[in-house]
Amino acid sequence: MTQLQEVTTLQESLSPNNSPAPAALDMPRETDGASIHNLVRRSAFLDNNSLYCYLMVCHHLARTSVVARIDGELSGVITAYVPPEQPDTLFVWQVAVAKHAQRRGLAKAMLDNILQRDNLQHIKWVETTVTKDNNASRSLFDSLARRRECEIEESTLFDRKKHFRNLHNSEFKLRIGPLSK
């Protein structure tokens with residue numbers, strides 16, 4: 001089975017009495033662009049980009065991104081890429097999980113899915129940006145650092161006043177690594 005054909009199945013319970021449908025994890029396809037766009041638009045913390053942007057993510061960044069489907073419905077996405085100047089780093093751009101799929105480890109499973117891919121075994125660092133109040137993302141990346149037994153460095157990447165003209169909260173860069181396998 002090639003990397004492009006690989007589909008990972010995740011099954012986790014919400015509670016001992018409530019077992020949700022399994023989530024299939026796979027690389028995004030161009031036909032997923034509109035569903036990703038809609039999922040991001042419904043997210044409380046993510047900036048909404050154009051549909052065209054998400055089509056380009058599916059076209060150019062599929063090998064470094066992941067989607068989750070539950071009962072055939074797109075229920076989660078992580079968009080990520082390897083910056084050209086940092087070939088040992090995966091930059092996680094956006095993480096979105098639909099309300100019905102939250103609190104069951106889906107974001108963690110999607111991130112692990114990306115990092116376990118054959119084409120990304122050289123990755124030593126994961127970077128992302130988060131606002132101070134995005135506890136879900138902070139928790140996800142704290143969990144990654146614990147599981148991979150590494151540190152998180154935090155610094156301001158885009159300042160509220162300097163870069164966003166007070167229209168957006170400051171974005172703090174989290175640098176996680178070096179990753180242990």
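Modeller: This is a predicted model. By the salt-bridge rule, the count comes to six salt bridges.

Biologist: What makes Arg 69 and Asp 32 a salt bridge?

Modeller: The cut-off is 4 Å between a side-chain nitrogen of Lys or Arg and a carboxyl oxygen of Asp or Glu. The closest N and O atoms of Arg 69 and Asp 32 are 2.5 Å apart, so the pair qualifies. Arg 69 is in strand E3 (residues 66-70), and Asp 32 is in the loop between strand E2 (23-26) and helix H1 (33-41). The two are 37 residues apart, and the pair links distant parts of the chain.

Biologist: Are Arg 69 and Asp 32 buried or exposed?

Modeller: Both Arg 69 and Asp 32 are buried.

Biologist: How do you know that Glu 127 and Arg 175 form a salt bridge?

Modeller: Their side chains meet at 2.6 Å, N to O, and the limit is 4 Å. Glu 127 lies in strand E6 (residues 125-130) and Arg 175 in strand E8 (residues 171-177), so the pair ties together parts that are 48 residues apart in sequence.

Biologist: Why is Glu 127 called buried?

Modeller: Buried means under 20% relative accessible area. Glu 127 has 4%, so the label applies. Arg 175 has 17%, so Arg 175 is buried as well.

Biologist: Which residues do salt bridges with shared partners join into one network?

Modeller: The network consists of Glu 127, Lys 173 and Arg 175.

Biologist: What about Arg 138 and Glu 154?

Modeller: The side chains of Arg 138 and Glu 154 meet in a salt bridge at 3.1 Å, N to O. Arg 138 is in helix H4 (residues 135-147) and Glu 154 in strand E7 (residues 151-158), 16 residues apart. Arg 138 has a relative accessible area of 14%, under the 20% limit, so Arg 138 is buried. Glu 154 has 39%, which lies between 20% and 50%, so Glu 154 is called partly exposed.

Biologist: What makes E5 and E6 a pair of strands?

Modeller: Pairing requires at least two bridges. Strand E5 (residues 89-97) and E6 have four, in the parallel sense, so they count as paired. Leu 90 stands opposite Val 126 in E6. From E5, the chain crosses through helix H3 (residues 106-115) to E6, and this β-α-β crossover is right-handed.

Biologist: How do E6 and E8 run, and how many bridges join them?

Modeller: E6 and E8 run antiparallel, joined by five bridges. The bridge partner of Val 130 in E8 is Phe 172.

Biologist: Which elements cover the buried residues of H4?

Modeller: The cover includes E5, H3, E6, E7 and E8. Among the buried residues of H4 are Leu 140, Phe 141 and Leu 144. Just after H4, Glu 149 takes a positive phi of about 55 degrees.

How values were computed: Residues numbered from 1 in each chain as written. Predicted model: local features only at pLDDT ≥ 70, side-chain atom pairs only at ≥ 80, totals over all residues. Heavy atoms only, no water. Buried < 20%, exposed > 50% of the residue type's maximum accessible area, 1.4 Å probe, protein only. Right-handed = clockwise from strand over helix to strand, strands pointing away. Contact = heavy atoms within 4.5 Å.
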